[in-house]
Amino acid sequence: MAEENTPTPMMVQYLGLKAKAGDCLLFYRMGDFFELFFDDARAAAATLDIALTARGEHDGTPIPMCGVPVHAAEGYLARLIKAGHRVAIAEQTESPEAAKARGGKTLVTRDIVRFVTAGTLTEDSLLDSWASNMLVAVAQVGEFFGLAAADISTGYFELLTVTGGSLEAELARLSASELVVPEGLPQSPLDAIIRPRADFESTLGGDLLRQHFALTTLDSIGPVTRAEQAAAGGLISYLAHAGQGKMPFLKLPVRREVHEHLLIDQATRDSLEINSASKGGRAGSLLAEVDRTITGAGARQLASDLAAPLMDKAKIDARLSLVQWFHDAPLTRDAVRAALRQLPDIARALGRVVAGRGSPRDLGQIRDGLDAARVLRERLGGMADRPELLDHLLPALDGHGHMVDLLVRALVTSPPTDTTQGGYIAEGYDAALDVLRVAGRDGRQAIAQLEARYRDATGVAALKIRHNAVLGYFVEVPAKHGDALMAPGTGFTHRQTMAGAVRFNSPELHEEALRITQAGGHALAAEAAHLEELIALILSRRDPIAASADALARIDVSAALAERAAESNWCRPSFVAHPCLEIQGGRHPVVESALAKSGDRFIANDCKLSPEKRLWLVSGPNMGGKSTFLRQNALIVLLAQAGSYVPATAARLGLVDRLFSRVGASDNLARGRSTFMVEMVETAAILAQATERSFVILDEVGRGTSTYDGLAIAWAVVEGIHETNRCRCLFATHYHELTRLSESLNALSLHHVRAKEYKGDLVLLHELADGPADRSYGIAVAKLAGLPPQVVARASAVLGKLEKGRAETGGLAAGLGDLPLFSAAMDAAEAKVDALREKLSDLDIDALSPRAALDLLYELKRAAGES
């Protein structure tokens, strides 16, 4: 280490910075390493699998310590952030020479220059190029919650106001990498970052929005609510804290309204495996199956589209028309996709430049991307019958000509990331810089000639002129020739003796080295000045550049969806005003793809929900395809409203405002919930929130408890959805007794997945047919699964006995047909309660004799018993 092993002065400085870092790991810069101490060192060593050592003592005990090289810090940071840590970076803010100038052995000044957290990343090595990286702040004002969400790697920024009933669905849509909330917010998520309440004051938030975007009024953003201002204040304050005053790129915020997009809660997203599969990871999800985008920006846009399908028919049709345009013109689609394949990630390069972490390579990416965007605009602008959305996008691809031409002249073809060695400004851009470079090259040639002359003069063929960061240029000879060069009159001055070599200086070498060093230093300074000018130019045009990046992403998504539709013969959906779901030949895209890989064919099925038959009860055996049928129709709705073609022969639907899926469940042990409890919580949410415009899929409600309890719950849920929610619903069940509801629920329709037994074996046809299933085939499925023959035989005998008893007694559902319907039952119960209430309210208690009071109690008890 560069500093003496006396911990007291350094520890005073370290502990002060650690107090400022709070619960973040502190990367403390010491020379070429970032060092960590105490508990930070233990945590980092365990996460990074690096050695834990000790340095000196503190309070009489050794100080745990570990470190990572500065040049490789990004890789270690990525692993720490992925493991859930946050990191504070403490850099040296003065040079050792400046510290010495202050007197004695003064410690080099250090300060925290940045907090590295999951939601504030901009570096490519720390980010997933195919996914957005959202930082979300939540604030509460009265009964409303404000959300401010930003992806600082691209500048995206949105504001939203919701009620408590929609908050969970919106947080699920945003899928935040980091969530920031004020202290004291009710029901804060366990992993949320708690910040001071003062940061979430609505007045402060409004002021910060106006200051950051140089606005005199917030009207240019829209009708920003107090809750949104409060959330924006929390987000901007946190970004200022994380960057230690250096703000990242934020575009003018977009105001979202909850009713503008389809609401999908987290349970439904997990059930439908929209962005990630049930086992984690992207593979096997809807997004992975649909995604044919070329660029990272396109992939992020597609993920955003699937996370928030639209509720505006005109906007959906505009997206679909652009997809159709690419779908119907395969040659144009191929050419556009080939052009997109050459594009760098303009949005994230711009994000790094604005955040002050940009490199010459980022400027080169912006140059190349915008130049390719102009070429693409010229190609598409010359084509006929362009859809309206494309005409809206094309102007954003142009207008950067002067800046691009300047960047082409100023930068080399492939600029480096590192600026310390220079070499990123192109020759011919600055004549004075070219002169300095020539001087440097000439000096190096002169040194090579000097080396040859010294060899001839000394007769030492192994003599070399070398260079390092400490000594600069020096003459080096093997140790056995050292004495010859030390002799008086040789012109060499001894500098250093090594184990096998001796090093010297000379007046001529010193002069040439000085010339090279001066020329190199001046050249580096000139390049740095040009880099600042180029960055300033880009910053002045950051909003138009971001608009170009957004337009390219939308074009990529549209062409990719067209490609996916052409691959599997998907169709363009249409929308109508009334709540229906009419699907011909519908398929599950993920299951179909998996079957195709094994050489099997997916069996397509129709679905026709209408106001007259809005609730389908689907029965049939396990493994027969009920769950797949339910899910595929939910995914078709989602894809259609996201502006995509859908896996079907034809599709017509009324817009869906909320999508609910209760298909499959697992224990949530962290919250102390069993499978059945999870099922009931999710079902309760559906019954509380689904509207007449919603679409609900429910699979095997009630199966996690006793048969009688399960049937009773399923029966009541079907009635509740039919009578109260009145939404479109697919309800799969094994309770055949539920089919009797078709006699009393006029909008309920019975269907089943077909199966046959052939020579004692079960054949699952995966076809949907009208009417109820004739039986469950549960024992046949058990046999198919490999249960021992003796167990299957015993089960068959028990089943025969049970079925005989059911036939004699009327079965589980005996007498259920005599019950009043859901709404009538509720009205009857309420009426009886009202009768008791009226009787009690009419009493004159003081006038009752003891005998009369006792008689009245008996009467009330009888009335309560009858109710």
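Trainee: At what angle do helix H11 and helix H20 pack, and how far apart are their axes?

Mentor: Some conventions come before the answer. This is a predicted model, in which local features need pLDDT of at least 70, side-chain atom pairs count only at pLDDT 80 or more, and totals for chains, interfaces and linings use all residues. Residues are numbered from 1 along each chain as its sequence is written, and side-chain values use heavy atoms, with hydrogens and water left out. Helices (H or I, at least four residues) and strands (E, at least two) are DSSP runs numbered from the N terminus. Axes are lines fitted to C-alpha atoms, for helices over the stretch in contact, and angles run from 0 to 180 degrees between N-to-C directions. Here, helix H11 (residues 313-327) packs against helix H20 (residues 542-568) at about 60°, and their axes are 8 Å apart. H11 is therefore oblique to H20; angles under 35 degrees count as roughly parallel, over 145 as roughly antiparallel, 65 to 115 as roughly perpendicular, and the rest as oblique.

Trainee: Which residues of H11 meet H20?

Mentor: Contact means heavy atoms within 4.5 Å. On the H11 side they are Arg319, Leu322, Val323, Phe326 and His327; their counterparts in H20 include Arg554, Ile555 and Ser558.

Trainee: In what order do the strands of the 4-stranded open sheet lie?

Mentor: Strands of a sheet pair through backbone hydrogen bonds, either parallel or antiparallel. Two strands count as paired if DSSP finds at least two bridges between them. In this sheet the order is E14-E15-E17-E16, with antiparallel pairing. Strand E14 (464-468) and strand E16 (493-497) are at the edges with a single partner strand each, so one side of each has no neighbour in the sheet. On average, neighbouring strands of this sheet are turned by 40° against each other, direction ignored. Strand E15 (residues 472-478) and strand E17 (residues 501-505) are joined over 4 bridges, and proline 478 has alanine 501 in E17 as its bridge partner. Helix H17 (residues 431-458) packs on the sheet, touching E14 and E15. Helix H19 (residues 507-540) also packs on the sheet, where it touches E14, E15 and E17.

Trainee: How many disulfides are counted?

Mentor: A disulfide is a pair of cysteine sulfur atoms within 2.5 Å. The count is 0. For cysteine 580, the closest cysteine sulfur belongs to cysteine 607 and is 10 Å away, too far for a bond. Cysteine 727 is likewise in no disulfide, as the nearest cysteine sulfur, that of cysteine 729, is 5.6 Å away.

Trainee: Is cysteine 580 buried or exposed?

Mentor: Buried means under 20% relative accessible area, exposed over 50%, and partly exposed in between (1.4 Å probe, protein chains only). Cysteine 580 is buried at 0%, and cysteine 727 is buried at 1%.

Trainee: What is the phi of alanine 214?

Mentor: Most residues other than glycine have a negative phi, and most peptide bonds are trans. Alanine 214 has a positive phi, near 55°. Its place is in the loop between helix H6 (202-212) and helix H7 (226-242), and alanine 214 is exposed at 68% relative accessible area. Glutamine 244 also has a positive phi, near 50°; this residue lies in the loop between H7 and strand E12 (254-256), and is partly exposed at 30%.
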